[in-house]
Each structure stands twice: as structure tokens, then as C-alpha cells.
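Here is a protein model to look at together, with some questions about the words used to describe it.

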Amino acid sequence: MKILLVTLACLSVQVSFGKKYKVKTPAEFSKAAAIVQPGDEIVIANGSYQGWAAAVNSNGTVSKPIIIRAESTGKAVFTGEVHQAVLEVTGSYIQVRGLKFEGCRLFKEKGANVVLIEMKAAKYCRVTDCIFTRNTVNAQFMPILAVSGQGEHNRVDHCTFSGNFNNQEVQVRVGPNEVSLHTLIDHNTFMDKDSVTWKGNNGGECVQIGQDPILLGNRYSYTTVRDNRFIRCNGEPEVISNKASGNKYINNYFEDCHGELVMRGGHECLIDSNSFEGGTGGIRVNGTAHTVTNNTFKGLPIAIRLMYGMAKGRGDTGFYIAASNCIIKNNHISHCITGILVGGSKNADWTGKFDTRRYPSRTIQDIAPFNNEIAGNIITDTQTPVLQ
């Protein structure tokens with residue numbers, strides 16, 4: 001009889017199993033959250049939950065994150081009225097996995113953050129493999145998932161957002177004193193989002209980075225939005241709304257969306273290798289020093305728009321900043337009406353449409369785009385390749 005000896009002396013990876021706490025109520029969750037340690041799991045039992053509000057403020061480690069998960073992916077379902085955050089995550093190295101939020105109705109409350117999940121001043125935390133479907137809000141500009149506070153390196157990935165209405169789906173908050181840095185939003189699917197009912201057709205972005213492009217657009221959040229899919233996202237004219245600086249939008253796919261990837265504010269963003277198929281638009285650019293490269297557009301009214309502004313450069317305050325010092329290179333445009341429009345919204349009059357006391361800006365978009373480099377773009381089967 002031969003005996004096979006296996007030596008593991010060279011194996012450097014340690015495998016350790018933490019404790020599991022199975023919970024069914026917010027009280028049970030809070031009790032577990034108070035004692036959870038790195039490597040532990042809080043398992044939310046399969047079932048339907050209403051009126052849930054819970055928080056976790058603990059610290060895992062890079063090798064032993066704290067896991068908060070559904071017993072079975074998609075089978076722990078949160079629904080009904082929501083008057084405060086269903087799950088608030090602070091601390092570090094916490095992962096939320098496999099939860100489902102279906103038919104939730106979020107009601108704005110004075111002084112309360114009303115969201116489904118908020119990563120608040122968290123670090124290296126993650127929301128992954130969660131489902132958000134047919135959720136609604138009762139007030140304009142409310143997100144269902146928020147990254148807020150002075151956090152860093154948080155991630156939202158491999159989640160599905162479908163059929164949500166009148167809301168923003170993922171919001172990275174940029175405030176005067178707190179900015180969430182280096183957020184990664186990747187490999188999510190956003191789909192079947194109907195137009196909002198709010199005045200001005202505003203407040204229905206799938207992804208919003210920053211909220212005040214006029215006064216806070218110069219703040220750098222270094223967010224990356226990559227490898228996501230946006231299918232029939234018609235919430236408002238901005239599918240993605242960039243309102244901060246130093247962000248990256250890479251390899252996202254847009255199909256039949258009534259909206260655009262929009263540099264509403266901010267500067268020095270990278271928009272690279274995204275694809276647009278059908279819909280009402282591609283990329284809209286205000287601000288300075290953006291790089292728009294290697295994107296593909298097919299079947300659009302206008303692929304890329306460089307916009308007029310009320311001010312020039314990052315030193316001026318304007319409701320819109322003219323597109324300047326941007327690089328528009330190596331993009332592939334086909335079967336569009338106009339390939340690249342240099343000078344969108346010329347002389348648009350915003351008189352009475354925003355608060356000039358809060359935003360000390362002229363109201364006419366009369367400063368043309370300038371000092372932009374447009375080169376090496378391949379434009380075929382398009383009525384007007386470049387319109388100036």
C-alpha cells in the first residue's frame with residue numbers, strides 16, 4: 001500500500017472561517033453588527049422585509065472583510081415604504097452581497113437620509129450582486145444608493161438596476177467639506193428607466209457624480225465608472241451626469257437611451273472606449289481639459305457635442321462653462337446625422353431658470369468652445385461629419 005504525502009509548507013495563504021450570525025429583524029442585525037469581527041458574516045434570512053432600518057459601523061481587513069449577505073442571492077427582499085436608510089454602512093472593508101430591493105417607496109423626511117443603501121464615510125466597502133427593481137421616490141433628486149461623506153475606495157459592482165422610477169440610482173456626493181474619493185462603479189446593468197415626472201425633466205440620472213457643478217465642480221472625486229451597461233435608460237437627458245473633476249468613464253455601453261453621457265460640470269475627466277448604439281445622443285461636453293478618445297457611436301442624431309457657456313475656464317463662475325482645451329481624438333462615428341457639433345446651445349437664454357444670487361452667473365450661453373483639439377476621428381455614413 002502506497003501512502004501519498006502532500007507537503008503544504010510552502011503554502012502562504014491562510015484560510016480562516018469567521019462566525020456567522022443569521023438575522024431576521026433590524027434588532028437582530030444591530031445586535032450582530034455590534035459584535036461582528038473581521039472575517040465574520042451577517043446573513044439575512046430569505047424572506048420579505050418591510051420597515052427595516054439598520055446600520056453597521058465596523059472594521060474588517062483586506063484579507064478578512066465583514067460580509068453582510070442574503071441567505072440566498074436575491075431571496076432576502078426589502079419592499080414597502082422607506083423613511084430612513086434601509087442599510088447604512090460606515091467603517092471599512094465591509095461587503096454587502098446579494099440583497100434585493102423591490103417595489104420600495106422612498107419618502108423624503110426632514111433631516112433624514114432616505115436611501116436604500118448608503119456607504120457613509122466608509123472606506124474600502126463594497127455593494128455587489130444586489131438587485132434594485134421598481135423602486136420609486138416621492139421627491140426630486142433622491143438617489144436609491146448613495147456614496148457620501150469623507151470616504152474612499154468604495155465600490156458598487158455587478159448590481160442590477162431595472163424599472164426604477166423618478167429617482168437617481170447611484171449618487172456619489174461631493175460637498176463643500178466632504179468628498180468621497182476613488183469610488184469605483186463597475187460591471188452594473190441599468191435598464192428600462194422611464195422618464196421622470198418632475199418639473200424640468202430633471203432628477204433621473206442613472207449615475208451622478210457631484211451635485212453642484214457651478215460652485216463645487218472644481219472638487220476632485222477621482223471616481224471611475226467603467227464596464228457598465230445602460231439599456232433603454234430614459235429617465236432624463238443625462239444618463240450619466242458628471243459634476244466634479246478628475247473622473248473616468250471607461251468602456252461603458254449605451255443602447256437606445258434617451259439621454260447622454262454628460263460633462264455637466266467639472267474638469268480633467270477621461271471619457272474613453274465607450275459605445276453608443278441608437279438613442280438620442282452620445283457625449284455632451286462642458287468644462288475644461290476633458291479627454292474624449294476611442295469611443296464608438298452608431299445611429300445617433302449627434303455623437304459628440306462641445307457646448308457654449310456663460311464663462312470660460314475653471315477660474316470663472318458660470319452656470320455652464322464653455323468647452324475648452326479638450327482633446328477629441330480617435331473616436332469612431334457612423335450612421336449619425338451629425339458627427340461632432342462644435343458649438344451646442346449657442347446663445348441659449350437661461351434668464352429666470354436658475355437662482356443668480358446663489359449662482360452669480362450671466363444667463364446667456366454666448367462663449368463659444370475654444371482651444372479644443374479635434375483629430376484622428378473616423379466618421380462614416382454621417383450627413384454632417386463636423387458642424388461648427
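Q: What makes the surroundings of isoleucine 44 count as contacts?
A: A contact means heavy atoms within 4.5 Å, and, leaving aside residues up to four places away in sequence, isoleucine 44 touches Val23, Phe29, Tyr49, Trp52, Ile68, Arg69, Ala70, Glu71, Ala76, Phe78 and Leu99. This is a predicted model, in which local features need pLDDT of at least 70 and side-chain atom pairs count only at pLDDT 80 or more, while totals for chains, interfaces and linings use all residues. Residues are numbered from 1 along each chain as its sequence is written, and side-chain values use heavy atoms, with hydrogens and water left out.

Q: Why is cysteine 130 called buried?
A: Buried means under 20% relative accessible area, exposed over 50%, and partly exposed in between (1.4 Å probe, protein chains only); cysteine 130 has 1% relative accessibility, and therefore counts as buried.

Q: Which residues does cysteine 130 touch, not counting those up to four places away in sequence?
A: Cysteine 130 touches Val96, Arg97, Gly98, Leu99, His158, Cys159 and Thr160.

Q: How do you know what confidence the predictor has in the protein?
A: The predictor's confidence in each residue is given by pLDDT, from 0 to 100; the mean for the protein is 95, and 96% of its residues reach 70 or more. Over residues 1-16, however, the pLDDT is below 50, and this stretch has 1 contact in the model beyond near neighbours in sequence.
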